[in-house]
Amino acid sequence: MQQSKIRNFSIIAHIDHGKSTLSDKIMQMTDTVSFRHNENQILDDMDVEKSHGVTVRSRTVRNIYHAKNNQTYELNLIDTPGHVDFSYEVSKSLSASDGVILLVDATKGVQAQTVANYKIAKANHLPVIPVINKVDNKNSQIDMCEQQIYDLDSELIDKTIYHISAKTGLNVDQVLEAIVNEIPQPNGDVNAPLKGLIFDSTYDSYKGVIAYVRIYNGTLKANQKLKFMSNNHSFDDNEIGIFTPSLKPIQELSAGDIGYVVTGIKNPRGVRVGDTITSKLNPTEYAIPGYKPIHSVVYAGIYPKDSNYDDLKMAIEKLSLNDSSLYYTEDNSNSLGQGFRCGFLGMFHLQIVRERLINDFDMAVIVTNPNVNYHVMMNKDGSVKNIDNPAKMPDFSKIDMIEEPYDEVNIKVPASSMNKVMDLANQNRGELITMDNQTDLISLTYKLPVAEIAYNFFNKLKSASHGYATFDTAFLEYKESDIVKISIDINYAPVDTLTFIVHRNNANQLAQSIVHKLKYVMPKKLYPIPVQSYVEGRVIARVDVPPLRKNAAVSGEKKSVSKKQALLRRQNINKRKNLSANIVLPQKVFDAILGI
């Protein structure tokens, strides 16, 4: 199709504002999918997406639209996630787009991820089509939403705001016309050497790595010799095609098109998202600037439950193709064996990865407790170590200073919930920077430790504000803090996977909570198991996990002193034998501690 008839666009929205519903309706109205075989959330095809009702990774689909000017257009929709953890997926999608639809729920207004995604779109200089969804809902507040959109950016004041119902299809035809009229056609020279951006990828057991590409210049043909510009690696494309939304092979993709390339590469790490592909025989001179490296927020260990390390390695490598924001490196634990140390964008991202390993790859895994990255200054040579694994924290006698990461957090909340939100921020060691009134909302800017907000702060904020608070974060700095390491001994043997890094003010309470929780979730033995936690060499909490049966020496039966002593000696010998035994911890132990 001619470039003038191509529109590449994305839909950005906060979670549960109707983005997937609008995507479905656009595909129905453009005859991309039939009503007869239609199902809800067509682009959300993973089990975890359907179970959580949220888009996790971006998807792409080509729609053919017959506009009111009697012209036919190719509308390439690049789907985006809506959860706060998946901003990187959004940035990938927007890098391949020429415009965006900014979708706002009429009953909730502009919320946290709406603001964050809009900032990404503006940084990419993309035109924005503001749309208010669910206007047919009896609780809709259209005037409030319009004002919030105007407050988002003064440049939107002159824009037409479309009022739609994605569920019923009300005024969705106006949005389709706006895509044609307000989003520019892609720029690119069909006759120039091939230049294409890999903005996503997936893995197929038979076809290998399948790269999702946006063609900027030139023409990509089937069975063409190609190469990656980052490492000069060459390959033959076995198949090229488009998304309908299933994969449909075609013979040619030209400048402005979005499609896929079957590379045939079996090594999951052989294709890098953000790389540029070009012709091996007639390569382009300059590569497309790649993405900024992704920075993980929380880290956790993932270990195989049944010692099938190689299967886990292959599963994580394949998973990283669908989720380029997943960082991983090999790790070894004394108690859990070989595994991986993984970096995630947040707690929800960690949960999704765990569920995908279980559901998509049938992998039984153990996920340890998450933590953030710390800067540790050593007192001997003044060197600085980055610690993302609590077990690798140096001894406190060797540490001069520890710095933890802080975010600048902007929270907009109704005045009625302001006190509860401020209490929540204070409980999480927040430092208030500014407070300002913005129409009906109070804008609070805090400096908050990443360790406090990465786990469950977002859910607590929704609860405190009844879902009306917006939440936007940006990395601020590393700052010196009084951080300590909590070590856990089980049966007098240290367990590296049960090591925590916390602020000293929270250490005693957390240590007490952990050991008492372990008392009820630890697998029981035939003898009492002592569990104790210590900080800087000092034990601060201890419990005994009760045995499966009573202690024979104190069972209440009348025995001679010598017989009781003999029984105690035998029990002590058994304890010493088990001291060096491997301690097997089930996943429920880590889940229970995570809930503290």
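Strands here are DSSP runs of E with at least two residues and helices are runs of H or I with at least four, both numbered from the N terminus. The model is a predicted one, in which local features need pLDDT of at least 70 and side-chain atom pairs count only at pLDDT 80 or more, while totals for chains, interfaces and linings use all residues. Residues are numbered from 1 along each chain as its sequence is written, and side-chain values use heavy atoms, with hydrogens and water left out.

**The eight-stranded sheet**

Next, display the whole open sheet, whose eight strands follow the order β11-β10-β16-β7-β8-β15-β12-β13 with antiparallel pairing. At its edges are β11 (234-236) and β13 (247-250), each of which pairs on one side only. From one strand to the next, the twist averages 40 degrees, with axes taken as lines fitted to C-alpha atoms and angles running from 0 to 180 degrees between N-to-C directions.

Select Q224, in the loop between β9 (219-221) and β10. Is Q224 buried or exposed? Q224 is buried, with a relative accessible area of 16%; buried means under 20%, exposed over 50% and partly exposed in between, for a 1.4 Å probe and protein chains only. Apart from neighbours within four places in sequence, Q224 is in contact (heavy atoms within 4.5 Å) with L194, T219, F235, D236, D237 and S279.

**The aromatic cluster**

Now show F199, Y212, F243 and Y260, which form one aromatic cluster. The structure holds eight aromatic pairs. In one of them, the ring centres of F243 and Y260 are 5.7 Å apart and the planes stand at 55 degrees, so this pair is tilted. Rings of Phe, Tyr and Trp (its six-membered ring) pair if their centres lie within 6.5 Å; planes under 30 degrees apart count as stacked, over 60 as edge-to-face and the rest as tilted. F243 belongs to strand β12 (residues 239-243) and Y260 to strand β15 (residues 258-262), 17 residues apart. F243 is buried at a relative accessible area of 3%, and Y260 is buried at 0%.

**N139 in its loop**

Move to N139, in the loop between β5 (128-133) and α5 (142-152). N139 is partly exposed, with a relative accessible area of 49%. Leaving aside neighbours within four places in sequence, its contacts are A106 and T107. The C-alpha atoms of N139 and K108 are separated by 9.1 Å, although the two residues are 31 apart along the chain.

Select residues 504-521 for helix α12: its 18 residues reach 26 Å from first C-alpha to last, close to the 26 Å expected at 1.5 Å a residue. That expected span is 1.5 Å times one less than the number of residues. Where is the kink in α12 centred? The kink, of about 25 degrees, is centred on L510; the bend at a residue is the angle between axes fitted to the seven residues ending there and the seven starting there. The buried residues of α12 are A507, A511, I514, V515, L518 and V521.

Finally, select β29 (residues 529-535) and β30 (residues 538-545), which pair in the antiparallel sense over seven bridges. Y534 stands opposite V539 in β30. The two strands form a hairpin with two residues between them, and E536 in the turn has a positive phi of about 55 degrees.

Conventions: Pairing = 2+ DSSP bridges.
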